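Here is a short briefing on one protein model. Please look at the fold first, then at a few residues.

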Amino acid sequence: AAAPAAYPAACVATAALSAAAVFGARRALVERLNTGLAATLIVGLLWLSGRALGGALPSAAAASRLGGADWSALLPGTAAAGWPIPLFLKLLSFGQAVPVVAAGLGPRRLGAARAAVLAGSAVPLLLSAMWATVSALLASAGAGASADPTVQLLGAGWASALPAVAVASGAIGTSLIANYLTVRQFCADALRALQGRGAGAPPVGVPVAVLAALSLPAAIACGGARLYLPLLRWS
């Protein structure tokens, strides 16, 4: 389906507002905001889990939803064009945020940084498994296998729509914060190396570099899925 006319403007506005919030606020406030968004995601997912496991569907219907799956649909060359696999791998990878975690904890707490990375790597996998189960149980049975469960939950009344919005907001918000902090640190490190400055010296031109770095993903987002998905599979 074609994207709405306001889609490009929404992409640019989202990037600009979220970047302003991340780069304009104090680091401690950004960290608290990230924690709040993560809590929002988890609360929304637990809410949906309670609805799914609390009798939202008869047991027989639930068992049929979680039965054998046609895994061939995930293979490249099928109608899905192999998108689910790279999308899922991208979802589970947050290696770009490792330098931010290590820098925030400091060189004397590398053990804590390793533990944070190890524990953090398991969280997306666990949340993905929970979301797949919950959305399969709560999605409408008559909508067909190709229906988007998120769209269905948003239109299923406030008891399902509200936690679905919480899950989406938390997932998107935490991803934006991690990526923006990573972009800022990468730009600072690159400029510091190009300018021949030491590790502790502040580089010159970081705001301009960050703006340029953020303009590229915003421009790609304006192209929609037809541009984003091929680039994602290539990456």
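In which helix is Ser49 found? Ser49 sits in helix H2, residues 27-53. This is a predicted model, where local features need pLDDT of at least 70, side-chain atom pairs count only at pLDDT 80 or more, and totals for chains, interfaces and linings use all residues. Residues are numbered from 1 along each chain as its sequence is written, and side-chain values use heavy atoms, leaving out hydrogens and water.

**Overall fold**
- The protein has 10 helices and 0 strands. Helices (H or I, at least four residues) and strands (E, at least two) are DSSP runs, numbered from the N terminus.
- Of the 235 residues, 24% count as buried (under 20% relative accessible area; exposed is over 50%, partly exposed in between; 1.4 Å probe, protein chains only).
- Among contacts (heavy atoms within 4.5 Å) between residues at least 6 apart in sequence, 68% join residues at least 24 apart.

**Ser49**
- Ser49 is buried because its relative accessibility is 11%.
- Leaving aside residues up to four places away in sequence, Ser49 touches Met130 and Val134.

**Aromatic pairs**
- Rings of Phe, Tyr and Trp (its six-membered ring) pair if their centres lie within 6.5 Å; planes under 30 degrees apart are stacked, over 60 edge-to-face, the rest tilted.
- This rule gives 2 aromatic pairs.
- Trp47 and Trp158 form an edge-to-face pair, at 6.2 Å centre to centre and 70 degrees between the planes.
- Trp47 lies in helix H2 and Trp158 in helix H8 (residues 158-194), so the pair ties together parts 111 residues apart in sequence.
- Trp47 is partly exposed at 32% relative accessible area, while Trp158 is exposed at 63%.
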